[in-house]
Amino acid sequence: MHGKIRIERNPNRKTKPGLEEALGFGRYFTDHMFMMDYEEGSGWQDPRIVPYGPISHDPAAMVFHYGQAVFEGLKAFRTEKDEIVLFRPDQNAKRLNRSCDRLQMPQMDEEFVVDAIRTLVRLDADWVPRKKGSSLYIRPFVIATEAGLGVRASSRYSFVIIMSPVGAYYEEGLQPINILVESHYARAVRGGTGNAKTAGNYAATLKAQALAKEHNCAQVLWLDAIEKMYIEEAGSMNVFFKINGEVVTPSLSGSILEGITRNSIIHLLKEWGIPVSERKISIHDIVEAFENGTLEEAFGTGTAAVVSPIGSLLWNGTLMSINQGNIGELVARLYDTITGIQYGRIEDSNSWMISC
Ligand SMILES: *Cc1c(COP(=O)(O)O)cnc(C)c1O
């Protein structure tokens, strides 16, 4: 729908990080990137894959001033049979359009977006790492490029896809993290942009994140902005709690990002016959479950880590240790299952994996 992708190969291939080097997250980038441009009246045009490199824009480009920027995050995996596969990329394309819609940015053909990702991954296939637990992180994003300081939606945009080989999130296996329940700052509010994957949502969280670090907490758990009572999410992860045998996660209130990992986990739990519900959960429900000993597990979910066991929650000076700070049975099973499907060790009965 947006035309044939033109390919300009990079004549200067970079040296790839060696097997012994820790890849980390988003430190190295592949040889190529995808780009296409939008102009009001003519739509998306000139889809192309070009050598990875700086992009230049007018200093008045609207993205620098009014924050029209949305992004996605997904991964390509090298399976044990040496095939390269993507995890539910159609869902990322859908969500990208929903985010664009919220920020008054133009829509894209979702099949075209998946095709662009697959074409780029195929071209840089030798960048998909082989080390256990590693993958190729894919970052599609859209920015407003029209030069002008009037506050309105831009008439020009760029869609770019870059890719970075990343190491296993947990180099030494799953590690429980400490989380600070944030009672002062807010990430998002109903009616705002919390359910869009937009850059500004992240900018709003960095101060609280830095303060959490001072309390030895890796992440912040956000409460709703109005009553400061209902649990939302961890800012780059959705959250789940296992209370008295039932798994609960906050319902999508409008200020929570609809995670694809979240959706996949709900699906698996239903398949396994484990009771799971999406509903409003207040911090008081969690404190009560902690006090009466029914708070069995807690974990975050997202593309980067898949699942992240929560070892403790710190709320208003009260430290709640969960499962004695150990990795729960359910979170371990979810981790093994999802990574098993991604690396081709477990049958993909839901057709989540798309080959490149
Ligand atoms: C991307 C993101 C998530 C996780 O979504 P996945 O699709 O599972 O990776 C959760 N919360 C926020 C705010 C996010 O931006």
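The largest pocket lies between domain 1 (6-166) and domain 2 (177-342), because both give residues to its lining. The domain bounds come from an automatic or database domain assignment. This is a predicted model, in which local features need pLDDT of at least 70 and side-chain atom pairs count only at pLDDT 80 or more, while totals for chains, interfaces and linings use all residues. Residues are numbered from 1 along each chain as its sequence is written, and side-chain values use heavy atoms, with hydrogens and water left out.

The centres of domain 1 and domain 2, taken over C-alpha atoms, are 27 Å apart. Their contact (heavy atoms within 4.5 Å) takes 22 residues from domain 1 and 18 residues from domain 2.

The second largest pocket also lies between the domains, since domain 1 and domain 2 both give residues to its lining. A pocket is an open set of points on a 1 Å grid over the protein atoms alone, where a 1.4 Å probe fits, with protein on both sides within 12 Å along at least five of seven lines; lining residues have an atom within 4 Å of a point. A volume is the space filled by probe spheres set on the points, which are joined across faces, edges and corners.

| Pocket | Volume | Lining residues by class |
|---|---|---|
| Largest | About 640 Å³ | 15 nonpolar, 13 polar, 7 charged |

Of the 35 residues lining the largest pocket, Tyr202, Gly235, Ser236, Met237 and Ala304 lie nearest its centre. Elements that each supply at least two residues of this lining include β7 (135-144), α4 (199-203), α6 and β14 (295-302). Helices (H or I, at least four residues) and strands (E, at least two) are DSSP runs, numbered from the N terminus.

The second largest pocket has 18 lining residues, with Lys131, Lys132, Gly133, Ser134 and Tyr343 nearest its centre. Helix α8 gives the largest share of that lining, 3 residues.

Helices α6 (residues 260-271) and α8 (residues 329-342) also pack against each other: their axes come within 11 Å and cross at roughly 105 degrees. That angle makes α6 roughly perpendicular to α8, a term for 65 to 115 degrees. Axes are lines fitted to C-alpha atoms over the stretch in contact, and angles run from 0 to 180 degrees between N-to-C directions. Ile265, Leu268 and Leu269 of α6 meet Leu330, Leu334, Thr337 and Ile338 of α8. This contact has 6 nonpolar, 1 polar and no charged residues.

Key:
Parallel < 35°, antiparallel > 145°, perpendicular 65-115°, else oblique. Nonpolar A, V, L, I, M, F, W, Y, C, P; charged D, E, K, R; others polar.
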